[in-house]
Amino acid sequence: MLPPFEIHQPVTAAEAVALRARFGEAGALYAGGSELLLAMKEGLGGFAHLIDVKTIAGLAGLTLAPDGRAVTIGAAVTHRTLERSPLVRERLPLVAEMARQVANARVRAVGTLGGNLCFAEPHSDPPTALLVHGARVALAGASGARRLPLADFLVGPYESALGPDEILTHVDVPLPPARAAGAYLKFGMHERPTVGVAVLLVPDEHRAALAEARVAVGCVGPVATRLPAVESALAGARLADLEAGWPDAARAGEALDAVSDLHGSADYKRAMAGVFVGRALALAARRARS
Amino acid sequence: MTARQITLDTTVNGRALSLSVEPEALLLDVLRERLGLTGSKRSCDVQVCGACTVLLDGLPVSACSVLAYEARGRRVLTIEGLARDERLHPVQEAFLATAGFQCGFCTPGMIMAVKALLDDSPSATPEDVREHLRGNICRCTGYASILAAVAVAQRALADGAAG
């Protein structure tokens, strides 16, 4: 059972921002409800006002940016839409591959990308895949709009950089460089993942060696994170070698700020991160060669 | 109608309805308590088990965790709305043919999940089916006969049975 509340239906971002300012901590942004309503059933939040962002015009948009270099994903776009959109499947296949693996078909039908990022549940798939694309979030607030890298938006467990009078309007995901290939793999024994790994490999023009490697790991610590040391170590690596198995993969998770919880001990998660970094590299390398 | 109540104009199993509901009313409670449609079950209450699966504009959702408010202007289909003129839906017939249930508690949700999948992807592969049904739990562990039912339903629908 849910506690009583009122639902508000802003039709512009400015109206939503004004409602945020008016209700303060008694108000919550509401999209798919796949995280919020479960928390509220547990008596968390104490929100007397839900601000339905799905009634805001344009928040469900999914388009190629005018300069053709990024896909703009509205905050109210569902995981199911990301999974199936021809634009996403063609231009951001790694994002589609991730979206297909979110929770289950029912959660994907209602859960939104914006809701996922703002709720900032650490055991979650989207941030990891978006980090290797260098995604940026767009926020609207009382003092205007601002954009910031997703890495700066993700602050901690259940904590984002969203201000008390702001809403997330969309996410800009730059298209991967030419010839890039990626992979998103996850592992878990519960409904939420224990570890999620995203890899984006940019091969040289001969599709032989790496020009650039991007690796991110999620779910094991407070926030999803890129692994810069691993990315540097992969510089120049040969795709054929990665496909056969990167010898250093086992140590790839060593530097992670892992947290012990129901999903496993910190040591276990660091070890699993290494295993799945290795597998994701091998899969992405195979895709990059073909 | 109290001040907080909202008007919910929706269609449930083909019937247009106008209801007054609290904003926090969950779709499952409106279906079960207000409309007497008790086929959809409450079990985990956190979108994991699938026993409450209904279709909202054709998409599978967890009625236990979706506000009734979300059904405004949309079509809700529950297990009670599948049969036509006393004739069971091909997915229901398939579950009977393979005994795709034991205690039956998960069955309405399973059947609705399968209908959603086959409406969308009639030729879903066995891997697609397993992946799709990952979100529906059978505590009797009758999965093999459930998967067999899906295959039977796919053949029946391909042969022209009315879905």
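Predicted model: local features only at pLDDT ≥ 70, side-chain atom pairs only at ≥ 80, totals over all residues.
View 1. Buried residues account for 48% of the 163 residues in chain B. The radius of gyration of chain B is 16 Å, which agrees with the value near 15 Å that a compact globule of 163 residues would have. Along its principal axes, the C-alpha trace of chain B extends over about 50 × 30 × 25 Å.

**View 2. Secondary-structure elements of chain B.**

View 3. The domain assignment divides chain B into domain 1, covering residues 6-81, and domain 2, covering residues 90-158, and the C-alpha centres of domain 1 and domain 2 of chain B are 21 Å apart. Where these domains touch, 14 residues from domain 1 of chain B and 12 residues from domain 2 of chain B take part in the contact. On the side of domain 1 of chain B that touches domain 2 of chain B, strand 3 (53-56) and strand 4 (59-62) of chain B each supply at least two residues, and strand 3 of chain B provides the largest share of that side, with 3 residues. Sorted by class, the side of domain 1 of chain B that touches domain 2 of chain B consists of 8 nonpolar, 5 polar and 1 charged residues.

**View 4. The contact between chain A and chain B.** Here 18 residues of chain A are in contact with 23 residues of chain B. Strand 1 (6-8), helix 2 (36-41) and helix 6 (105-110) of chain A each contribute at least two residues to the side of chain A that touches chain B. The largest share of that side, 5 residues, belongs to helix 6 of chain A. In terms of residue class, the side of chain A that touches chain B is made up of 11 nonpolar, 3 polar and 4 charged residues.

Key
Residues numbered from 1 in each chain as written. Chains lettered and ligands numbered in written order. Domains from an automatic or database assignment. Contact = placed C-beta atoms within 7 Å. Helix = DSSP H or I, 4+ residues; strand = E, 2+ residues; numbered from the N terminus. Nonpolar A, V, L, I, M, F, W, Y, C, P; charged D, E, K, R; others polar. Rg over C-alpha atoms; globule rule 2.2 N^0.38 Å. Buried ≥ 20, exposed ≤ 12 C-beta atoms within 10 Å, placed from the backbone.
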